Amino acid sequence: KERTMRRSIITIGIAALLAGSLAACSGTAPAPSASGSAPAETSLPADPVTLKVWESQLGPDEFIKQAGEKFKEQHPNVSVEFINVEFGDTSSQIALDGPAGTGPDVFAAPHDKLGELVSGGHILAVADPAAVEANVVEAAAKAATYDGTMYGYPVATETYALYYNKKYVTDPPKTWDDVVTFSKDFNAKNKGKYGFVMDVGNGYYTILFTTSKDNRLFGPDGTDTSNTNINSPASVEGMKQFVALRPGLDVPAADLATSTVDALFSAGDAAMLISGPWNVKNFTDAGVDFGVATLPALAGNSEPAASFAGIRTMYVSAYTDHPEVSAAFAQFLTTPEMQQLRVDITGALAASSADITYENPVVTGFADQMKYAFPMPSIPQMGKFWDAMNAASANIWNGADIQKELDAANSTILAS
């Protein structure tokens with residue numbers, strides 16, 4: 001179908017948007033310069049080198065390929081080979097392939113995996129922290145820092161928000177009670193369709209229901225290893241609103257996986273969906289006339305519900321045979337020119353301290369939600385959060401007791 005979204009040029013100061021929402025990450029970094037910093041001219045090895053880079057498909061792959069060609073223009077002896085290992089799988093895969101000698105030189109991973117990657121000895125510290133700090137917003141630099149040492153090269157920021165199909169929704173709901181009311185009416189008038197869908201068994205999304213009145217996973221700064229807050233009174237009350245969505249989406253959790261709900265929205269069979277900027281291209285190509293709004297507010301809150309904020313970060317493998325060249329390429333990806341290239345290809349929010357131009361009006365919806373987002377904690381205990389919260393969310397959706405499920409999740413996450 002012909003594209004229906006009206007395109008316009010929007011320039012957003014990402015530094016201003018992220019300064020408040022991500023300020024709690026560990027580490028310190030000086031304020032970045034607006035101009036950014038390219039890799040310093042160094043005498044990289046002259047022998048032919050092929051860097052293997054792990055990244056996802058559907059946009060990030062093309063960025064790595066094009067960035068590799070740009071890097072080769074400056075360093076003719078260096079080639080970059082893209083290898084598809086999806087973003088969510090790299091941190092576990094590096095633990096297997098790295099020691100075996102079959103891993104990458106550079107790979108992408110979520111910033112919340114940083115503690116796990118450092119404790120496992122899988123990544124190298126950033127070679128030139130000052131240069132990276134000059135290229136990215138301070139919050140991204142902090143998110144790439146663990147125990148005072150910078151390990152990551154931030155290339156993008158992201159959160160999720162509320163997609164809505166303009167064919168069905170003209171004024172996005174402001175509260176979750178409004179979502180319940182809308183879905184009941186919409187479902188009655190549109191048989192076989194749903195007013196609202198989401199992956200209900202995915203803690204990445206369901207965490208939003210636990211964030212009432214600044215209740216945050218692992219405390220305000222995401223480092224409290226004695227209490228997750230996942231089973232607090234605020235979390236329990238919020239999950240009651242999660243359960244209230246069930247009558248309008250009366251489907252078992254196992255049948256509401258991300259791929260399923262994405263397909264429903266893409267086909268026009270769902271009016272609203274929670275998802276992130278990675279789906280902008282998919283839904284646009286499907287011909288859906290959609291908008292993106294901030295998440296509805298939880299009961300008793302005047303602001304949109306908080307969402308997880310992630311910093312998409314590149315890391316240099318501790319197992320690489322080319323640490324110097326790998327570091328130079330990873331740093332190259334953080335430069336303003338490469339950040340703009342990445343935005344042009346993927347549409348994702350940049351991590352750059354420079355002004356970046358976005359050729360898509362829906363990006364402002366994610367930028368607005370970023371004001372209410374908080375960083376996924378990067379402490380090692382996050383490794384246990386996902387399975388525990390995924391299971392608790394699915395069980396609660398399917399009718400299990402909220403308090404018991406959240407207590408079990410809390411115990412699992414904190415177990416030594």
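Which residues form one aromatic cluster? The members are Tyr160, Tyr204, Tyr205, Trp278, Phe308, Phe374, Phe385 and Trp386. The model is a predicted one, in which local features need pLDDT of at least 70 and side-chain atom pairs count only at pLDDT 80 or more, while totals for chains, interfaces and linings use all residues. Residues are numbered from 1 along each chain as its sequence is written, and side-chain values use heavy atoms, with hydrogens and water left out.

Aromatic pairs come next. The structure holds 26 of them, where rings of Phe, Tyr and Trp (its six-membered ring) pair if their centres lie within 6.5 Å, and planes under 30 degrees apart count as stacked, over 60 as edge-to-face and the rest as tilted. One of these pairs joins phenylalanine 209 to phenylalanine 242 in a tilted arrangement, with 5.3 Å centre to centre and 50° between the planes. Distant parts of the chain are linked by this pair: phenylalanine 209 belongs to the loop between α8 and α9, phenylalanine 242 to helix α9, and the two are 33 residues apart. Helices here are DSSP runs (H or I, at least four residues), as are strands (E, at least two), numbered from the N terminus. Phenylalanine 209 counts as buried because its relative accessibility is 0%, and phenylalanine 242 does so at 0% as well; buried means under 20% relative accessible area, exposed over 50%, and partly exposed in between (1.4 Å probe, protein chains only). Phenylalanine 283 and phenylalanine 290 form an edge-to-face pair, at 6.2 Å centre to centre and 80° between the planes, and both residues are buried.

The loop between α8 (203-206) and α9 (233-243) also carries serine 212. With a relative accessibility of 11%, serine 212 counts as buried. Beyond its neighbours within four places in sequence, serine 212 is in contact (heavy atoms within 4.5 Å) with Ala234, Leu298, Ala299 and Asn301.

The charged end of arginine 216 sits over the ring of phenylalanine 374, 4.9 Å from its centre, the criterion being NZ of Lys or CZ of Arg within 6 Å of the ring centre and within 35 degrees of the ring normal. Phenylalanine 374 is also one of the members of the aromatic cluster. Likewise, the charged end of arginine 312 sits over the ring of phenylalanine 87, 3.9 Å from its centre.

Finally, helix α13 (residues 336-346) is largely enclosed by the rest of the structure, because 8 of its 11 residues are buried. Among them are Pro336, Met338, Leu341, Val343 and Thr346. Glycine 347 follows α13 and has a positive phi, near 80°.
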